[in-house]
Amino acid sequence: MTTSKSNPPASDQHLESTTSETITIRRLPWTYFHLVVTSSSEITSTSTDAGIDILTARTYLTSALQQFFGITGTAIPVDFLKVEGRDVWIRVPRDDSSIVMSALSGWIGREGVTWRIKGKSEWLGSLVSGDGSHLFEA
C-alpha cells in the first residue's frame, strides 16, 4: 500500500504565513544644521566670499552661544562636519538644538558677520541632498 501526499492547491500555497516587522525609530540623538556665514560689511564680505576656515567658524559659533546663553551655551558640544566656502555643517545634541538655533539666528558679530540657517534636520542625508528636486531638472 502506497500513500501519496498531494500538493495543496496553488491558492493555499500563497496563503502561507507571512510575517511583517515594524521598526520604530525613537528619538534621534543628534540634530544637524546647514549654516552660511554672511556679512553686511564690505570689509568682511570679501573675506567671507572666499570662505572661512574651521577655526573662524568655531569662533563665530562659540561667540553666538556665549553671547546669548553664557557659559552654559559654550558647554554645548558642537561637531563640525564640513566647512566649504561659506557653508558650514554642524551636529549638536537634539536637546540643545533649539538653544543653538536661537543663538545663531540672533547673533551679529563684528563688522556685521551673521549666521544664516539654511537647513535643520534630524537626518543628515536629507540636509545634505536637499529635497531631491534637482533630480527632475532637465
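**Aromatic rings in a predicted chain**

Good morning. Buried residues make up 30% of the 138 residues in the protein chain; buried means under 20% relative accessible area, exposed over 50%, and partly exposed in between, with a 1.4 Å probe and protein chains only. This is a predicted model, in which local features need pLDDT of at least 70, side-chain atom pairs count only at pLDDT 80 or more, and totals for chains, interfaces and linings use all residues. Residues are numbered from 1 along each chain as its sequence is written, and side-chain values use heavy atoms, with hydrogens and water left out.

Let me begin with the overall layout. The protein chain has five helices and four strands, and from the N terminus its elements follow the order α-β-α-α-β-β-α-β-α. Helices (H or I, at least four residues) and strands (E, at least two) are DSSP runs, numbered from the N terminus. Of the contacts in the chain with a separation of 6 or more, 70% are between residues 24 or more positions apart; contact means heavy atoms within 4.5 Å.

I turn now to the aromatic rings. How many aromatic pairs does a search of the whole structure find? The search finds two. Rings of Phe, Tyr and Trp (its six-membered ring) pair if their centres lie within 6.5 Å; planes under 30 degrees apart count as stacked, over 60 as edge-to-face and the rest as tilted.

Tyr60 belongs to helix α3 (residues 54-74), while Trp107 is in the loop between α4 (97-106) and β4 (113-121), 47 residues apart. Trp107 is buried, with a relative accessible area of 4%.

Tyr60 also pairs with Trp115, here edge-to-face, with 6.5 Å centre to centre and 80 degrees between the planes. Because Tyr60 lies in helix α3 and Trp115 in strand β4, this pair ties together parts that are 55 residues apart in sequence. Trp115 is buried too, at 5% relative accessibility.

Next, charges over rings. The charged end of Lys82 sits over the ring of Trp89, 5.5 Å from its centre, and Arg91 lies over the face of Trp30, at 3.9 Å from the ring centre. The criterion is that NZ of Lys or CZ of Arg is within 6 Å of the ring centre and within 35 degrees of the ring normal.

Is Ile25 buried or exposed? Ile25 is exposed, with a relative accessible area of 55%, and lies in the loop between α1 (10-14) and β1 (30-39). Thank you.
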